Amino acid sequence: MSEYQNTRIPATLNIDELARVNEIQRRRLLQLMLAGSAVGVSGVLAGCGGDGSTLLPASSSLGGGSAAAPAPAAAPAPAAAPQTQPTQDVPTSSFSVMVLPDTQFYSRYASQKMGMLYQKLYADIDPRYNNPFKAQTQWIASNAQQLKTAFTMHLGDVVDQSWYYSSEKSAPWSASTDLVGNGQIAANTVQKEWELASQAMQVLEQAKCPYSICAGNHDVGAIGSDMQWGPDWGVGVTGFDNTDGYQDGGSHRVKLFEPYLQVFPTARAQQQSTFGGRHSSGFHEYHVFQAEGNRFLVLSMSWRASDDAIAWANQVIQKNPTLPVILINHQLMGIGQDGVTAVDTAYSNYMWDRLIKNNDQIFMAVNGHYHGSCTVTKKNAFGHDVFLMVVDYQMAYMGGNGLMRMYEFDLTHKKIVASSFSPWVPVKPQAELNNFDSAWLTEANQGFTLDIDFAARFGGFNPGFVVPAGTRTKAITQQAKETILTNFKSPTVAASRPASGPDDYPKVANTLAHWRFYSSTAAEGDKFPYQNGQQIADVSPAGANPISVNTWMGKDGDLVWSKSHHPLSAAPGSLRFLNATGSRASYFTTDKTSKLNTEQFLSGYTVEAFVYIDPAFDANVNGWMGILYRLGARSHLQGFGSGEGDTPMMFALSNLMEFQWEIVPTDQATNLTCWSGSISAGQWLHVAIVNDPADGYATTMYVEGAPVLRNNSNMHGIQYVAAQQQMAIGCGQWADGMSTGFLGSLGEIRIVGAPLPPSQWLTARAS
């Protein structure tokens with residue numbers, strides 16, 4: 001484990017406090033963005049795909065408490081406790097179950113169409129583990145015996161872009177399709193999204209490690225339909241029904257070519273020794289596995305189960321009346337704005353009422369879809385505990401960084417121990433690790449213990465449940481931890497120090513513009529002088545590109561000075577942008593005669609910004625807000641159609657709170673983009689975007705010093721529409737009209753006409 005993993009961080013942290021956080025702790029905050037240690041998105045963290053299910057305040061009808069708090073007083077239930085290792089005072093009877101959360105980005109970004117990013121980033125890695133999905137299943141297969149792994153459960157979103165199945169000419173599964181045996185596991189000859197996923201799961205098949213799989217919204221309804229992925233289910237607790245046609249078997253899915261059913265058909269599922277059956281749609285299945293002398297049923301429900309599928313699920317349980325049931329559902333519980341609290345959804349309420357509440361055999365349910373990790377305990381109609389858990393790491397560093405979940409069922413000590421870790425991080429080359437590479441997570445929502453007296457909990461329907469004499473002298477969780485960490489050396493965190501003064505930063509050649517959004521004379525909260533044309537100076541050596549405020553879309557008071565700043569910025573303050581919406585913004589522009597407007601950046605570039613996203617960020621109001629734009633719709637550029645309203649250069653924040661850097665290269669009539677993962681509001685972040693001609697004009701985005709996964713190459717220069725089209729700071733543009741204003745604070749923005757190493761960034765010191 002790294003030296004900062006046990007650092008305690010307050011649940012909330014304002015911007016002034018954050019400026020005083022030491023370097024290690026500050027970077028840890030970013031790493032914990034999905035764990036909710038910093039202030040989260042207003043409302044709820046988005047689900048995969050960004051389609052945005054309606055989420056409701058946690059209610060007594062679904063427990064709604066956080067993992068650290070009891071359930072409602074009317075039905076008190078034990079909360080998830082921080083993980084502790086079972087005392088091995090007696091030999092223990094135990095087994096493990098593995099969970100593969102949304103693997104969509106692993107399949108997508110290891111594919112040829114996306115540039116095989118994992119393979120490119122880690123060219124020296126063992127080919128057997130050259131993407132996180134492979135590393136996960138290889139690790140499960142290799143350690144199944146020593147960890148007594150009885151079963152593996154995939155939570156859905158196997159791939160990210162289902163509709164590429166046909167264009168990539170992916171092969172359907174057949175009993176003779178042997179991707180692993182044919183050598184593709186090591187030779188990189190499989191580079192298609194669906195086949196990469198198929199290959200990863202085949203590792204388990206060849207190792208005789210049974211698993212269940214389900215289709216997430218990214219796995220369904222793509223081919224022959226106008227849907228890229230299935231829309232979220234339901235619009236509220238009331239006012240909807242489940243016959244609107246989008247669920248399996250509904251009118252929108254009739255006659256669709258479903259890649260999921262080609263790659264993971266019923267015939268393939270039947271190869272599993274545990275397979276029990278599938279719903280007639282092919283999208284839902286159940287398995288029965290045996291462990292420690294007992295049988296368990298896994299009920300795996302795909303995206304938006306229809307009423308008919310729910311009726312089928314009830315029948316499956318009724319036909320297996322003595323089996324404890326683990327329910328898998330791609331979308332069920334949601335996650336609140338703190339990133340750790342379970343939140344009701346319309347669908348979770350529906351599934352609770354129609355499937356979970358009155359089936360005492362269902363004792364735990366696990367879902368993905370919503371970004372983060374949380375646990376809640378609810379009492380069913382029999383007064384018994386049901387553990388409901390969300391596990392989804394797709395918006396963490398590197399698309400999830402190989403993080404997965406293990407549940408140790410300790411029958412002897414009456415506990416389920418949850419652990420979250422990455423088999424992928426330890427196999428990365430040591431020299432390429434950074435401080436975002438955690439192999440074992442220690443936060444309370446990532447590793448915890450659930451108390452359950454198995455025999456008592458199951459006694460009402462299975463009085464014959466046995467707790468056999470134990471055979472293990474070491475806890476499975478401890479064994480797994482040793483397996484993950486034995487050959488893992490935590491990366492060294494480079495020491496950083498605050499600036500000694502406003503000039504303590506590297507001055508570099510070819511600086512085209514440097515804007516510092518602070519006032520040395522203003523007090524906290526003082527208004528920015530709000531007259532059109534009021535300037536912020538360009539402090540670069542040439543000083544040729546000052547920017548002027550535009551007030552026609554805003555009001556006095558929308559811009560105020562602050563003393564808050566990023567801990568590593570030499571600028572001792574910032575400018576807050578308030579009240580911004582899709583139609584309200586106070587923003588800055590370069591002069592119409594500025595040379596920066598026509599700079600093509602043919603020698604590469606480095607764009608840096610210190611950014612703070614306001615905790616009031618609302619995806620519906622502030623999504624796609626502009627940070628730095630080159631104005632002018634690209635529909636005016638040669639080769640683009642009239643509907644292309646985006647600009648030739650955009651630095652923005654998406655509705656999923658991802659940093660977006662998108663440009664039109666000088667030699668192509670297309671747009672190329674770099675994306676961060678989901679970031680949290682309420683903390684200062686340093687973003688660097690580096691374009692390097694020596695590396696094929698590859699562009700790499702860094703957030704807090706760590707390279708993001710979704711970068712791009714061949715980004716040669718940046719086009720412009722016309723000389724008089726300016727750069728804009730603090731607002732976006734669409735189709736020649738200014739759009740969503742920036743909500744948050746800006747500290748500094750610097751543009752350099754060359755690629756810079758980290759030692760020359762604004763986070764470094766002058767000497």
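This briefing describes the fold, selected strands and helices, and several individual residues of one protein. The model is predicted. The protein has 767 residues, of which 63% are buried, and it contains 15 helices and 35 strands. Its accessible surface is about 26,000 Å², with carbon and sulfur atoms providing 50% of that area. Among contacts with a separation of 6 or more, 75% join residues 24 or more positions apart.

**The eight-stranded sheet**

- Eight strands form an open sheet with antiparallel pairing, in the order β19-β20-β23-β32-β25-β26-β27-β28.
- The edges of this sheet are β19 (535-536) and β28 (672-678), each of which pairs on one side only.
- Strand β25 covers residues 625-630 and strand β26 covers residues 649-653, and five bridges join the two in the antiparallel sense.
- One of the residue pairs here is Arg 630 with Met 649, the latter lying in β26.
- In a regular strand, side chains alternate between the two faces of the sheet.

- Gly 730 lies in the loop between β32 (727-729) and β33 (731-734).
- Gly 730 counts as buried because its relative accessibility is 1%, and the cut-off for buried is under 20%.
- Gly 730 and Leu 628 are separated by 102 residues in sequence, yet their C-alpha atoms are 6.5 Å apart in space.
- Leaving aside residues up to four places away in sequence, Gly 730 touches Phe 577, Ala 585, Ser 586, Tyr 587, Gly 626, Ile 627, Gly 741 and Phe 742.

- Strand β6 (residues 275-278) pairs with strand β7 (residues 285-291) over three bridges in the antiparallel sense.
- Arg 278 stands opposite Glu 285, a residue of β7.
- Six residues lie between the two strands of this hairpin, and Gly 282 in the turn has a positive phi of about 85°.

**Helix α8**

- Just after α8, Lys 208 adopts a positive phi of about 60°.
- An α-helix has 3.6 residues a turn, so residues three or four places apart point the same way.

**His 330**

- His 330 is located in the loop between β9 (325-329) and β10 (334-335).
- With a relative accessible area of 0%, His 330 is buried.
- The side chains of His 330 and Asn 217 make a polar contact at 3.0 Å.

**Cysteines**

- The structure holds zero disulfides.
- A disulfide is a covalent bond between the sulfur atoms of two cysteines.
- Cys 674 has a relative accessible area of 0% and is therefore buried.
- Cys 731 also counts as buried, because its relative accessibility is 0%.

Definitions and conventions
Residues numbered from 1 in each chain as written. Predicted model: local features only at pLDDT ≥ 70, side-chain atom pairs only at ≥ 80, totals over all residues. Heavy atoms only, no water. Disulfide = S-S within 2.5 Å. Buried < 20%, exposed > 50% of the residue type's maximum accessible area, 1.4 Å probe, protein only. Pairing = 2+ DSSP bridges. Helix = DSSP H or I, 4+ residues; strand = E, 2+ residues; numbered from the N terminus. Polar contact = N/O pair within 3.5 Å; in protein donor to acceptor, adjacent residues only side chain to side chain. Contact = heavy atoms within 4.5 Å. Areas by Shrake-Rupley, 256 points an atom, 1.4 Å probe, with all protein chains shown as cover.
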